[in-house]
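Please look over the fold of this protein, with its sheet, its helices and its cores. A short report follows.

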Amino acid sequence: MKQIFWKIKFKNIKSIIKTGGKMKVKVILTENIKGVGKKDEIVEVKDGYANNFLFAQKKGIPATPENINKLKSKNEKIKKDHDNDVKKANELKELLVSKEIVLKVKAGNNGKVFGSVGGKEIADAIKEQLNLEVDKKKVSTDARMKELGEHNIEIKLHPEVKAVIKVKLEGQE
């Protein structure tokens with residue numbers, strides 16, 4: 001019954017192209033398929049493959065003008081959200097770069113810190129001193145500081161935006 005429905009539906013679709021005696025269909029993929037394409041990509045496949053595999057297992061939908069418009073609007077929304085995230089990350093970067101974080105830690109007379117200062121302590125200090133929320137996982141993993149003084153630490157605010165902040169370690173009295 002399903003195959004008959006799809007065949008009837010395909011008679012009305014202009015995306016069927018006759019090439020070399022083989023019928024090809026344009027399909028919008030709903031998930032990544034190895035050797036065919038990635039999710040939300042419009043690909044051209046043989047009609048049997050489309051009917052018997054892609055549509056039957058809900059891995060693709062016909063590339064009708066209506067579905068193509070839905071895909072375009074979805075991609076525009078994703079791009080708009082991505083641009084907003086990058087803009088917010090850049091604003092946060094400007095705030096972080098202009099400030100200096102000061103941490104008071106226990107240290108010996110030679111300037112060596114007892115233990116080390118890592119991402120969690122830096123994230124907590126940013127929250128306490130600047131009232132900005134930064135995830136401890138975003139702080140560079142090689143940011144374990146073991147000596148007093150100034151250090152430059154990289155924070156990944158977004159995959160495209162990184163900020164380098166100054167962290168000053170001072171000994172407690």
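Two strands pair if DSSP finds at least two bridges between them. Helices (H or I, at least four residues) and strands (E, at least two) are DSSP runs, numbered from the N terminus. On those terms, three strands form an open sheet in the order 5-9-8, with mixed pairing. Strand 5 (100-105) and strand 8 (149-158) each have a single partner strand and stand at the edges, so one side of each has no neighbour in the sheet. From one strand to the next, the twist averages 35°. Axes are lines fitted to C-alpha atoms, for helices over the stretch in contact, and angles run from 0 to 180 degrees between N-to-C directions.

This is a predicted model: local features need pLDDT of at least 70, side-chain atom pairs count only at pLDDT 80 or more, and totals for chains, interfaces and linings use all residues. Residues are numbered from 1 along each chain as its sequence is written, and side-chain values use heavy atoms, with hydrogens and water left out.

| Strands | Sense | Bridges |
|---|---|---|
| Strand 8 and strand 9 (residues 161-171) | antiparallel | nine |
| Strand 5 and strand 9 | parallel | six |

Lys156 has Lys162 in strand 9 as its bridge partner. Val105 stands opposite Gly171 in strand 9.

Helices lie across this sheet. Helix 4 (residues 119-130) lies across strand 5, strand 8 and strand 9, and runs at about 115° to strand 5.

Strand 5 has two faces. Ile101, Leu103 and Val105 are on the covered one, while Glu100, Val102 and Lys104 are on the uncovered one. In a regular strand, side chains alternate between the two faces of the sheet.

Next, the cores. A nonpolar core is a set of buried Ala, Val, Leu, Ile, Met, Phe, Trp, Tyr and Cys residues joined through side-chain atoms within 4.5 Å. Buried means under 20% relative accessible area (1.4 Å probe, protein chains only). The largest core has 24 residues, and Leu96, Ile122, Ile126, Ile165 and Val167 touch the most other members. Strand 9 gives the largest share of this core, five residues. Ile126 has contacts (heavy atoms within 4.5 Å) that include Leu96, Ile101, Ile155 and Ile165.

Overall, the protein has four helices and nine strands. Of its 173 residues, 31% count as buried.

How values were computed: Buried means under 20% relative accessible area, exposed over 50%, partly exposed in between (1.4 Å probe, protein chains only). Lists of a residue's contacts leave out its neighbours within four places in sequence.
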